[in-house]
Amino acid sequence: MPYVDGFVLAVPKENLEAYRKVTELAGSVWMDHGALSYMECVADDVPDGEVTSFLKAVQAKPDEVVFFSWITYRDRASRDEINAKVMADPRLQGPSEMPFDGKRMIYGGFQSFTMMPNWEA
């Protein structure tokens, strides 16, 4: 079953177009190096919980929107190999400013647990 890197982050609404450009480039780079899929999802129905929520987890401000994103790989070894290539890719090098606060981003790698076959968009 696939290995998944997951991300949750807040993007200022005024930076949405800049974020789109960053993610389109990043998605291309990950896919070029062998990722199975790359998905960016913007919050649409994300209530602010009393104890915890996506909004609270990334300390989203009123002028920010939450993104839930993931990249899939064949397995953990493939993920590690692909990420090493991605980090060395010259397309992602340079002093470009990120359109979000990376300190509030949550991310991690996940081993598949349950998966329904033949998922299609």
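1. In this predicted model, helix α1 is followed by G34, whose phi is positive, near 115 degrees.

2. The length of α1 is consistent with its geometry.

3. The buried residues of α1 are Y19, T23, A26, G27, V29 and W30. They lie on the same side of α1, because the arc they cover around the axis is only 165 degrees. On the other side of the helix, K21 and D32 are exposed.

4. Which elements cover the buried residues of α1? Among them are strands β1 (3-12), β2 (37-42) and β3 (64-73), together with helix α3 (76-88).

5. The strands form an open, four-stranded sheet in the order β2-β3-β1-β4, and their pairing is antiparallel. Strands β2 and β4 (106-111) are the edges, each pairing on one side only. From one strand to the next, the twist averages 15 degrees.

6. Ten bridges join β1 and β3 in the antiparallel sense. Within this part of the sheet, V8 stands opposite F68 of β3.

7. Helix α1 lies across β1, β2 and β3 and runs at about 165 degrees to β2. Helix α3 also packs on the sheet, where α3 touches β1, β3 and β4; the direction of α3 makes about 50 degrees with that of β1.

Technical notes:
Residues are numbered from 1 along each chain as its sequence is written. This is a predicted model: local features need pLDDT of at least 70, side-chain atom pairs count only at pLDDT 80 or more; totals for chains, interfaces and linings use all residues. Side-chain values use heavy atoms; hydrogens and water are left out. Buried means under 20% relative accessible area, exposed over 50%, partly exposed in between (1.4 Å probe, protein chains only). Helices (H or I, at least four residues) and strands (E, at least two) are DSSP runs, numbered from the N terminus. The arc is that of the directions from the helix axis to the C-beta atoms. Contact means heavy atoms within 4.5 Å. Two strands pair if DSSP finds at least two bridges between them. Axes are lines fitted to C-alpha atoms, for helices over the stretch in contact, and angles run from 0 to 180 degrees between N-to-C directions.
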